[in-house]
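Work through the exercises below with the sequence and the model side by side, and try each task before reading its solution.

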Amino acid sequence: MAKRIARALAACCLFSASLPLSAAELPDYQRNSDWFTDGENRLASKAEDERGNKTAKNVILFVGDGMGISTLTAARILEGQLRGESGEENALSFEEFPHSALIKTYNTNQQTPDSAGTMTAMMTGVKTKAGVINIDSDALRADCASSKGRELNTFLELMESRGRSTGVISTARITHATPAATYARTPERNWEHRAEGDCKDIATQLVEMEAGDGVDVILGGGRRNFIPTGADGERADGRDLTAEWLARYEGEQQAQYLETGSALSAVDIAGTDKLLGLFTRSHMRYEADRKASGADEPGIAEMTDVAIDLLQKNDDGYFLMVESGRIDHAHHAGNAYNALHDTIAFAGAVKTAVEKVDLEETLILVTADHSHVLTIAGYPTRGNSILGKMVTNDGTGAPQAEVAAAGDGLPYTTLSYANGPGHADLGSETDADERYTTAVNSGRKDLSAVDTEAAGFYQEALVPLGSESHAGEDISLHAIGAGSDLVQGTLEQNAIFHVMVGATGIPVTAE
């Protein structure tokens, strides 16, 4: 495919240079336009990437939880505007990858999905119900007995059991639905520290994982699910799973347990075989909140950097899943500011990975599990703040002197939500979860005196809900490196599993 594109580009240039100017030829001012040459160069760059048909020894799957197309667009614009540019022409790091596809996200029982069912599809090749992790759709949600005999094995387990190293990173609790779907099986995503019947809770499954010798690198939040209630945890059974995890490898491998970002920065990679970092009691902080608070938590790029250093010590290869979990949480609160800033940080982590690995033997996939009901609407002039109020232009590109008003005489923002808790003005507050301390406030509001670009601004919502909902449209998949040529067209979400299996050539049976 890449060679065909390259030949087509060459033919285009020969055609325009050899024929006299006619209605069929592109005039010089068209071919010399910055838009024309930029598009030509970008396509030529993608066409030169011949790594896509190689076998991958390593796979890194990046999942932006809730990172739909509108989130990508808005984050791309914001990233450019933070550099002083207009923003629209910017591209997030992974948007430059040579291969991409659209992904259909529905669960077997819902048009608009949840993260448990969507990540199950990616990790097992099988779609299932909302709320169910790595159990097929014949089981009943939250019914332990019905899940027996319907368990699904994951790509991480396949890699682990075949001698590859494995890692799981999340800015959410490491037992939350998306990261849990890499290693656990449960009919109820909320069974993070306790389960019903003879099912095991998610945290216990991680520590006791039987495939290979267990996950090698585990970095994220959710410490409360691993420690007893008397130690500020949630475990009523009194178990300290962090101690059990360390004991599992005692005398055999060098294992470390960490709780701070400074400890992560000081890790001796050469002297470490296993790494468990639980940096917060529940979810990790939003990126903007982490920076504003000065909390001793690592960022997603730092966690990615350390994980790759440790995993690539295995010459047989590795699988790493990196989730930016709080994009989703900010959207649920109706706070585009944090959702976009976490998306930008996520793109930075992808850039870190690309710069560290050998793409001749590594497949990098970047996707989302589902979208959100964030909309980009109106007719703002180019370069208008993506978080700002609507300012149009006079048709020539010159911005109007005043903020545009809607039919009700009130100003409005480019970004809004189709449903959710609605508007709130919490000023400089960088923790989007604070929105839940105030009442639902949907519908139109007078934003004339409100700073809509502040971290604590929550966009208006049309339909009142206590929490903004997921959306059901397709999301994107971006790929680079070995095996990336398998990513193209419109795919079912469970095809991502088959892309990873196909790229690595890893056997899926004991034989």
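**Exercise 1.** In this predicted model, what distance does helix α13 (residues 300–311) reach from its first C-alpha to its last, and what is expected at 1.5 Å a residue?

Solution. Begin with the length of α13, which has 12 residues. The helix reaches 16 Å from its first C-alpha to its last, and this is close to the 16 Å expected at 1.5 Å a residue.

**Exercise 2.** Determine which strands pair with β2 (residues 99–104), and in which sense.

Solution. Take strand β16 (residues 475–481) to start with: β2 pairs with β16 in the antiparallel sense over 5 bridges, and I103 has I475 of β16 as its bridge partner. Then consider strand β17 (residues 490–492), with which β2 pairs in the parallel sense over 3 bridges; here K104 stands opposite E492. Finally, assign the faces of β2: H99, A101 and I103 make up the covered face, whereas S100, L102 and K104 lie on the uncovered one.

**Exercise 3.** Is L462 buried or exposed?

Solution. The relative accessible area of L462 is 66%, and because the cut-off for exposed is over 50%, L462 counts as exposed. This residue lies in strand β14 (residues 461–464), and together with V463 and L465 it forms a nonpolar surface patch with about 270 Å² of accessible area.

Definitions and conventions:
Residues numbered from 1 in each chain as written. Predicted model: local features only at pLDDT ≥ 70, side-chain atom pairs only at ≥ 80, totals over all residues. Heavy atoms only, no water. Buried < 20%, exposed > 50% of the residue type's maximum accessible area, 1.4 Å probe, protein only. Helix = DSSP H or I, 4+ residues; strand = E, 2+ residues; numbered from the N terminus. Pairing = 2+ DSSP bridges. Expected span 1.5 Å × (residues − 1). Patch = residues over 30% accessible without salt bridge, like charges linked within 9 Å, V, L, I, M, F, W, Y side chains within 5 Å. Areas by Shrake-Rupley, 256 points an atom, 1.4 Å probe, with all protein chains shown as cover. Salt bridge = Lys/Arg side-chain N within 4 Å of Asp/Glu carboxyl O.
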